[in-house]
Amino acid sequence: VQLQASGGGLVQAGGSLRLSCAASGSIFSVNTMAWYRQAPGKQRELAASITTGGKANYADSVMGRFTISRDNAKNTVYLQMNGLKPEDTGVYYCNTLVRTSVVALPRAYWGQGTQVTVSS
């Protein structure tokens with residue numbers, strides 16, 4: 001299973017970016033999909049997650065500014081980031097729980113990370 005993330009970049013404060021992450025490979029089903037982020041010198045933290053049914057969960061720091069969504073047919077998760085702040089700067093990683101067969105337990109997979117830089 002491979003996760004390919006894209007959409008990061010450099011943006012001014014108040015701007016927007018949209019991240020995408022597509023899962024591919026030997027996939028039976030994709031469960032919860034999520035975006036984590038890691039700022040320089042800090043631990044990786046959950047930014048947002050979304051269940052198969054579309055229930056979203058957000059960190060307090062991004063609530064009201066970020067929107068997570070998914071396309072189950074494409075095994076893809078998106079993160080629309082509006083009102084970006086310098087403190088949103090970091091590497092953003094997608095994470096999914098995937099079952100590779102009907103008898104396999106869900107396992108977590110990580111994307112390669114995409115850099116988001118917000119200038120003040």
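The structure holds 3 salt bridges, a salt bridge being a side-chain nitrogen of Lys or Arg within 4 Å of a carboxyl oxygen of Asp or Glu. The model is predicted, and local features need pLDDT of at least 70, side-chain atom pairs count only at pLDDT 80 or more, while totals for chains, interfaces and linings use all residues. Residues are numbered from 1 along each chain as its sequence is written, and side-chain values use heavy atoms, with hydrogens and water left out.

One may begin with Arg37, which forms a salt bridge with Glu45, the closest N and O atoms being 2.9 Å apart. Arg37 is buried, with a relative accessible area of 7%, whereas Glu45 counts as partly exposed at 36% relative accessibility; here buried means under 20% relative accessible area, exposed over 50%, and partly exposed in between, with a 1.4 Å probe and protein chains only. Arg37 also forms a salt bridge with Asp88, where the closest N and O atoms are 2.8 Å apart. Because Arg37 lies in strand S4 and Asp88 in the loop between S8 and S9, this pair ties together parts that are 51 residues apart in sequence; strands (E, at least two residues) and helices (H or I, at least four) are DSSP runs, numbered from the N terminus.

Asp88, in turn, forms a salt bridge with Arg65, with the closest N and O atoms 2.7 Å apart. Arg65 sits in the loop between strand S6 (56-58) and S7, so that this pair too links distant parts of the chain, 23 residues apart. Both Asp88 and Arg65 are buried, and salt bridges that share partners join Arg37, Glu45, Arg65 and Asp88 into one network.

Another arginine, Arg70 in strand S7, is buried yet has no salt bridge, the nearest side chain of opposite charge, Asp71, being 8.1 Å away (Lys and Arg count as positive and Asp and Glu as negative, while His and the chain ends are not counted). The side chain of Arg70 instead reaches the backbone oxygen of Ile50 at 3.2 Å, and it makes a polar contact with the side chain of Asn72 at 2.6 Å. A polar contact is a pair of N or O atoms within 3.5 Å; within protein, one must be able to donate a hydrogen and the other to accept it, and residues adjacent in sequence count only if both atoms are side-chain atoms.

Met81, in strand S8 (residues 76-81), counts as buried at 0% relative accessibility, and it touches residues including Leu17, Leu19, Phe66 and Tyr92, contact meaning heavy atoms within 4.5 Å.

Finally, there is 1 disulfide, defined as a pair of cysteine sulfur atoms within 2.5 Å. Cys21 and Cys94 form this disulfide, with their sulfur atoms 2.0 Å apart. Because Cys21 lies in strand S3 (residues 17-24) and Cys94 in strand S9 (residues 90-99), the pair ties together parts that are 73 residues apart in sequence. The torsion about their S-S bond is about 50°, so the disulfide is right-handed. Cys21 counts as buried at 1% relative accessibility, and Cys94 likewise counts as buried at 1%.

How values were computed:
Lists of a residue's contacts leave out its neighbours within four places in sequence.
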